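The entries follow the order in which I looked things up.

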Amino acid sequence: MHQQGVRDAPWAIIAVMGVTGAGKSTFIKSASGDDSVPIGHSLRSCTSELKGYSFHFGGWNINLIDSPGFNDTFRSESEVLQDIAEWLKDSYQNRQKLSGVVYMHPIKNERMEGSAMRNLKMFRELCGDEPLKNVILVTSFWDQVQQATARMREEELRTTPEFWGRMIGRGSRINRFEGRESALHIIMSLVNRNPLPFLIQHEMVEERKELVQTAAGIAVNEELARLEAKHTKDLEDIKREHQEALATRDKELQEELLFQRHKLEEDIEKVQRQQRMLREQRRQDQRRMQQDLDQRFWKLESQLELPRQGAQVLGTKKATVSKPNPISRFISQGFSELDFDWVVSVLRANESKLLPDDRLMVELKIQELQNQKHKHKVAKDKDGRNRLQKRSFGSTLLQSLRLIFPTATMALLGFPVTVPGNIPGPPTQNADGDPLVELM
């Protein structure tokens, strides 16, 4: 992303969102004075990807992010969601938080259409509740409608919960875009806001959810499932009507119904293609996780190989003496002597990378092994003397987790090697060869 600004001045990143035709590009061009901002004058969208436009004003370097609407002319909702989600994820990982959002709606529209409602719903799912206090709901095109009519529509937006009512209740504010002065006023009211992460940023980065598992991804999937069911029902109706037209030999009706049938079949294929796209995004995330795992393997191998090479070259005892590393011991000693408390500390330091259900499973396994560890801790031999049982509960814990989680998840937990299945179980005899009896 190309940025221009004054050195040492603070940066404010503001996203401009809304339906296609809401005036997003016009708002950005007016505020920034950048003539390179493309503006559409037809029913087709002119913004197909996220792009930043930077300028300096009021002591701030401001970066306005132009974004496509979910009702984009050329791209599906799934494609637009993927692009916006990926950008939000990357910016969050790079510690570039949004100062706020300008969400635009054309006041010239007589009603809140289905596409506008879907766009608004998707924005709320992306955003979450808390960041709504950093959102300004902006109406545009006031010069293209009578003032009394525009004010009536603005009031309807303000008071209807399904429109902007709930968002205003969460802290969003309303403003009007009527030229450069109003655009700069809107922007400057956001630059000093405390940046808050979007819900989807928290889901994808902190909770490590895949796009299809986020609130926004679930919303898109639900809408696609609804459309698929509707189109499938309509297609069955068309097929039945077509059979009736064949019976009556109505050629004109047959041709019209055949056209509608092909159109519905195309619509169903389009919906299914979007569903496949979301699933493909999940596979891409899994491939990236595997690549990360491979890199961690290579790094660990190189770290272990260097001390061995040094020892071979020097050939001295001093060269072979080094401070033991738990991970090195984990790899090199066959997993048989791992301290339980150390294993637990590593797991808990890394379990925040997992999904909530996976974190719960890790904690349940830790608790289960802790109970067993306490239960088996002391046994009495035939002379009544206490003798500690020797069992590697740390290795047993890792073995049980390996049976639940794939290798990539184990790597995220800090153990990027498959735990072998030959970990010794608890001893059944004491040093004198007599059976051990558990104390309850």
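Entry 1, strand pairing. I looked up the partners of β4 and found that β4 and strand β5 (residues 135-140) pair in the parallel sense over six bridges. I took helices (H or I, at least four residues) and strands (E, at least two) as DSSP runs numbered from the N terminus, and two strands as paired if DSSP finds at least two bridges between them. This is a predicted model, in which local features need pLDDT of at least 70, side-chain atom pairs count only at pLDDT 80 or more, and totals for chains, interfaces and linings use all residues. Residues are numbered from 1 along each chain as its sequence is written, and side-chain values use heavy atoms, with hydrogens and water left out.

In β5, I noted V138 as the bridge partner of M104 and T139 as that of H105. From β4 the chain passes through helix α3 (residues 114-127) to β5, a right-handed β-α-β crossover (with the strands pointing away from the viewer, the path from the first strand over the helix to the second runs clockwise). With strand β1 (residues 11-18), β4 pairs in the parallel sense over five bridges; there, I14 has G100 of β4 as its bridge partner.

Entry 2, the sheet. I traced an open sheet of six strands with mixed pairing, in the order β2-β3-β1-β4-β5-β6. Its edge strands, β2 (51-57) and β6, each pair on one side only.

Why is β4 largely enclosed by the rest of the structure? Seven of the seven residues of β4 (residues 100-106) are buried, so the strand is largely enclosed (buried means under 20% relative accessible area, exposed over 50%, partly exposed in between, with a 1.4 Å probe and protein chains only). I list G100, V102, M104 and P106 on one face and V101, Y103 and H105 on the other.

In helix α5 (residues 161-169), I found F163, W164, G165 and M167 buried. These buried residues pack against β4, α3, β5, α4 (147-159) and β6 (173-176), where contact means heavy atoms within 4.5 Å. After α5 comes G171, with a positive phi near 115°.

I checked helix α1 (residues 24-32) against helix α6 (residues 180-188): their axes come within 8 Å and cross at roughly 90°. Axes are lines fitted to C-alpha atoms, for helices over the stretch in contact, and angles run from 0 to 180 degrees between N-to-C directions. F27, S30 and A31 in α1 meet R180, A183, L184, I186 and I187 in α6.
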